[in-house]
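I opened a new model today and kept notes as I looked things up. Here they are, in the order I made them.

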Amino acid sequence: MKAKELMDKDFAYLNCNDSVVEVSKVMEEIRRFTCPVVNENTQLVGWITSFDITRGLREGNEKISEIMSSYEEITTIHEDAPARLAVILTANNKFVTVPVINDENQVIGMIRSCDIVELLSELYDIKVSKLYEAMQHQLKGVTWDELMSASALVSKKTTGKKISPEDYEASIMNSTFGEAIWATGGLEKFFAGLISVGELVIARRVGKARK
């Protein structure tokens with residue numbers, strides 16, 4: 001996924017000569033905490049936050065140009081950059097919004113932290129069985145029963161508890177990706193388990209072929 005596939009195209013932008021008072025009304029009306037400031041070609045020249053507006057009103061500033069952050073202070077992401085970079089930028093810097101720009105430095109969208117949270121929530125709600133279906137597709141020729149049998153063995157080695165392939169299948173049909181991550185102790189452990197399943201399936205197939 002690229003940044004432009006994650007961005008929100010519905011956003012408001014400001015001009016350097018806009019009134020601080022009027023912008024405060026606009027930002028309140030559209031319920032936005034940040035807005036890009038652009039020139040006549042919609043190229044990014046500055047950045048405004050609700051904190052800047054509060055300071056501007058308190059200090060009696062009239063124009064947005066008096067209170068905005070300069071272009072050099074703004075963190076942006078190119079439209080063709082991997083979307084994961086926007087997620088990392090937002091998380092590491094606690095950004096509310098990251099502006100998305102094109103080759104001409106024009107602002108074409110916004111990636112908001114709330115949109116990232118929504119996307120991750122959707123990913124967490126994916127059924128674990130869907131991940132196994134994708135895994136089966138990648139391991140061409142491997143049957144579903146082979147996957148479940150290997151998964152049951154890996155689960156026993158990890159937890160020490162014996163589980164049948166049928167019971168394992170029932171558990172992944174009712175579990176979400178998010179629940180599985182919590183149950184296994186984290187993302188790395190979850191995917192390490194999937195890798196172990198794949199390796200075991202392949203090893204079993206090789207063993208059968210040699211007989």
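Strands first: I count two strands as paired if DSSP finds at least two bridges between them. Helices (H or I, at least four residues) and strands (E, at least two) are DSSP runs, numbered from the N terminus.

This is a predicted model, where local features need pLDDT of at least 70 and side-chain atom pairs count only at pLDDT 80 or more, while totals for chains, interfaces and linings use all residues. Residues are numbered from 1 along each chain as its sequence is written, and side-chain values use heavy atoms, with hydrogens and water left out.

**The sheet.** I found an open sheet of three strands, ordered β1-β2-β3, with antiparallel pairing. At its edges sit β1 (34-38) and β3 (69-70), each pairing on one side only. I looked up β1 and β2 (residues 44-49) and found five bridges joining them. Valine 38 stands opposite leucine 44 in β2.

**Aromatics.** I looked for ring pairs (Phe, Tyr or the six-membered ring of Trp, centres within 6.5 Å; planes under 30 degrees apart are stacked, over 60 edge-to-face, the rest tilted). The structure holds five. One of them is tyrosine 132 with tyrosine 168, edge-to-face at 6.1 Å centre to centre and 75° between the planes. Tyrosine 132 lies in helix α6 (residues 128-138) and tyrosine 168 in helix α8, 36 residues apart.
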